[in-house]
Structures are given as C-alpha cells and as structure tokens.
Amino acid sequence: MPTTVPTPQPVPPLLQIEDLHVEFDTPDGTVEAVAGVGFSVGAQETVAVVGESGSGKTVTALAVLQLLDGGRISRGRVLWDGTDLTGLDRRALRRIRGNEIAMIFQDPMTSLDPLYTVGHQIVEGLRLHRRIDKRAARGRASSCWSRSHARPAPQARRYPHQLSGGQRQRVMIAIALACSPRLLIADEPTTALDVTIEAQILELLRELQAEYRSAMLLVTHDMGVVAETADRVVVFYAGQVVEQGPTAEVLRDPQHPYTAALLAAVPSGETDRAEPLAAIPGVVPPLRAMPSGCRFHTRCARAWDDCARDEPPLLPLPGGRSARCLLHRSGTALQAAAVKGA
Ligand SMILES: Nc1ncnc2c1ncn2[C@@H]1O[C@H](COP(=O)(O)OP(=O)(O)OP(=O)(O)O)[C@@H](O)[C@H]1O
Ligand SMILES: [Mg+2]
C-alpha cells in the first residue's frame with residue numbers, strides 16, 4: 001500500500017489583524033486613524049511596529065484589546081487564536097485582557113493606580129485574572145517581582161509616585177507578566193526613560209519573554225531596538241502598513257521608499273559624522289487631508305504621476321515580505337533594487 005506523507009498543516013498565527021479600520025468622532029467630523037491595517041504575530045514571535053508619530057501604532061495596539069477611548073472599529077477583524085475579538089462581549093474580553101494578552105504603556109503612571117501601593121496592585125491584578133486566593137497571589141507576585149528585579153522591600157509598599165520611572169516600568173512588567181500572558185503588547189515601553197535604564201528594561205523584557213515563552217508586539221520609534229529585538233518588523237505610515245517582513249531583510253534591503261527614508265534618518269556606526277542625516281521632507285498628512293493615490297507620494301523621492309492617482313495595495317514579495325508601493329506593481333528585481341536608493 002502506498003504510504004502517504006501527511007502535509008504539515010500551517011500553524012495559525014496567535015494574533016491576526018485583518019483589514020482593521022478605526023474611526024474617531026471629532027467636533028469636526030469622523031476621522032479614520034487606522035485605514036485597513038493587517039499583520040500577524042506568531043506564538044513566541046517578536047514583531048516590532050514602527051512609523052512616525054501619528055501613524056496609528058497606538059490606536060492599532062489599543063484596538064486589539066478593544067481599549068479605544070472614544071473610537072470604534074468600523075471594519076476588519078482581530079483574530080486571537082482564531083476567535084474574532086471584535087465580536088466578544090465585555091466579560092469574554094476581560095478574560096483575555098491581562099490573562100492572555102497583557103499591555104505595557106509608554107507612561108506607567110497612566111496605568112498604575114495612584115491610591116494603592118504597587119505591591120497591592122500586582123496581587124490584586126493576579127486575583128482578578130487568575131481567581132486565586134490572596135496567599136497564592138502574594139507568593140506568585142513576589143516571584144514575578146523579584147524576576148523583574150524591582151527590589152521587593154520596601155518598594156512593594158510604595159505608591160507609584162514614590163518610584164522612579166524605571167522602577168515603575170519594572171512594576172508594570174511584573175504586573176503584565178504575572179499571569180504569563182501568551183502575548184505582551186508593549187507600546188513604546190522605554191521612550192520616557194533615559195538610555196541606560198532603557199537598555200536594562202529592554203533586556204529585562206527579552207529575558208522574561210523568553211522565560212514565559214510569550215510573543216511580543218513591540219511599538220517603538222527606535223530602529224536600533226527593532227534590530228536587536230524583533231523577528232519581524234511592520235512599518236506604518238498614515239494609518240496603513242506600508243511594508244512588513246523579517247527584520248534583518250527589511251533593514252538591509254527596504255522595499256518601500258518610506259522604510260528606506262526612515263532608515264536613512266537613523267544614525268549608524270558607519271555614518272560619516274560630517275554628513276547630515278537625511279530627514280524625510282514634510283510631515284505625515286493630517287487624517288482629514290489624506291492625499292489621493294499613495295499616501296506617501298507627497299513626500300516620496302521616487303514618486304511619479306501614477307502615485308498621485310493609484311492607491312497601491314500591499315503587494316506580496318518573496319521571502320514573506322510585502323510592500324505598498326507601485327514600484328512593485330510588476331515586481332521586477334530592477335524596480336525593487338531601485339527602492340534602496342530612495
Ligand atoms: N481619541 C482620539 N480622537 C481623535 N483622534 C485620535 C484619537 N486618538 C488618536 N487619534 C488620532 O489617530 C492618529 C493615530 O494616533 P496614534 O496615537 O495611534 O499614533 P502613533 O503612531 O501611536 O504616534 P506616536 O508615535 O506619537 O505615539 C493620530 O492622527 C491621532 O491624532
Ligand atoms: Mg503611540
């Protein structure tokens with residue numbers, strides 16, 4: 001009898017965002033802050049989201065957990081392990097938040113309650129999500145606490161305002177990881193810290209992520225952090241994904257002129273100090289006045305007539321990459337190479 005070799009089934013991603021649109025009602029009308037974003041995060045994978053200020057990184061992260069303040073998902077799906085989170089009721093969402101997906105914000109002060117000691121907040125967070133008694137929660141909190149290198153006493157008895165920014169972020173990391181989430185969303189977790197503390201916090205995040213086998217969605221401005229931390233990178237521009245792919249390849253050989261320009265604006269060890277860094281001309285267009293065609297064409301050194309007219313889709317490229325640029329419409333190697341020189 002012939003033996004049939006079973007075809008390996010593709011592993012579904014842990015988080016899959018599909019065609020996500022987010023709107024806000026403002027006094028001047030409705031604006032669309034996220035306009036068709038899609039990307040995925042696999043189990044234990046680290047995915048970095050980069051892009052200029054206002055490109056929709058935080059709104060996307062908040063939309064995953066349905067934490068949009070005054071905004072709504074107008075279209076698209078957020079699949080968590082195959083279940084669409086956009087259709088879940090509050091109770092089901094609460095079970096997932098903190099327990100399966102945890103989030104760390106740029107400013108820990110906004111997420112810590114000023115009225116309670118930080119030790120109390122870790123214990124209560126655990127009791128809420130894990131439904132364990134106080135004693136068990138205290139034991140687990142203490143182990144997370146020491147793993148996050150926040151000195152247990154007297155720090156645990158302090159209130160958030162009595163700790164430094166770095167210590168507060170360690171507390172947030174301890175709270176976030178106390179329930180061993182399968183995904184950690186970290187939105188600019190080190191932007192408010194100085195560089196030495198930043199390096200320590202990133203190291204801690206990486207260490208704990210490996211220990212707890214969590215996936216991480218890391219929002220950052222810093223290409224150095226991307227290079228050191230992420231398996232894959234997703235580049236945002238004006239509420240859309242313009243490029244995504246494995247980190248090393250995207251950084252070495254960007255396929256979208258915006259990614260190339262972002263990278264050219266980053267100082268590197270090889271940069272000639274006498275030569276100024278290339279700034280991207282202009283600013284991200286306001287939500288109410290998005291240009292027609294490609295949203296980046298008004299700032300793009302490689303734009304031609306078609307770019308003002310045709311809105312490029314996110315085009316698949318070899319090696320699990322994709323880019324939203326007309327240069328790839330017919331996908332020739334020559335055109336792809338041309339992007340690098342943008
Ligand atoms: N509550 C809100 N009401 C109206 N517009 C909003 C609201 N929250 C965000 N926006 C708009 O959505 C867009 C995307 O904002 P978002 O905070 O996601 O940017 P970002 O990429 O995280 O930027 P940064 O790097 O500065 O954190 C911006 O134009 C912002 O003004
Ligand atoms: Mg943000």
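Predicted model: local features only at pLDDT ≥ 70, side-chain atom pairs only at ≥ 80, totals over all residues.
**Strand β3**

Let's start with the strand that spans residues 46–50. Five of the five residues in β3 are buried, so the strand counts as mostly covered, with buried meaning under 20% relative accessible area. In a regular strand, side chains alternate between the two faces of the sheet. Here both faces are covered: T46, A48 and V50 lie on one side, V47 and V49 lie on the other, and all are buried.

Two strands pair with β3. Strand β8, residues 215–219, runs parallel to β3 over four bridges, and A48 stands opposite L218 there. Strand β9, residues 232–237, is also parallel to β3 and is joined to β3 by four bridges. Within β9, V235 is the bridge partner of V50.

**Around ligand 1**

Now to the ligand. A shell of 15 residues surrounds ligand 1, and the closest are S53, G54, K57, T58 and V59. By type, the shell divides into four nonpolar, seven polar and four charged residues. Helix α1 (57–64) gives the largest share, three residues, while β1 (15–26) and α1 each supply at least two.

| Residue | Protein atom | Distance to a ligand 1 oxygen atom |
|---|---|---|
| S53 | polar side-chain atom | 2.5 Å |
| S55 | polar backbone atom | 3.1 Å |
| T58 | side-chain N or O atom | 2.8 Å |

Taken alone, ligand 1 exposes 640 Å², and the protein buries 66% of that.

Key: Residues numbered from 1 in each chain as written. Chains lettered and ligands numbered in written order. Heavy atoms only, no water. Buried < 20%, exposed > 50% of the residue type's maximum accessible area, 1.4 Å probe, protein only. Pairing = 2+ DSSP bridges. Near = heavy atom within 4 Å. Polar contact = N/O pair within 3.5 Å; in protein donor to acceptor, adjacent residues only side chain to side chain. Areas by Shrake-Rupley, 256 points an atom, 1.4 Å probe, with all protein chains shown as cover. Nonpolar A, V, L, I, M, F, W, Y, C, P; charged D, E, K, R; others polar.
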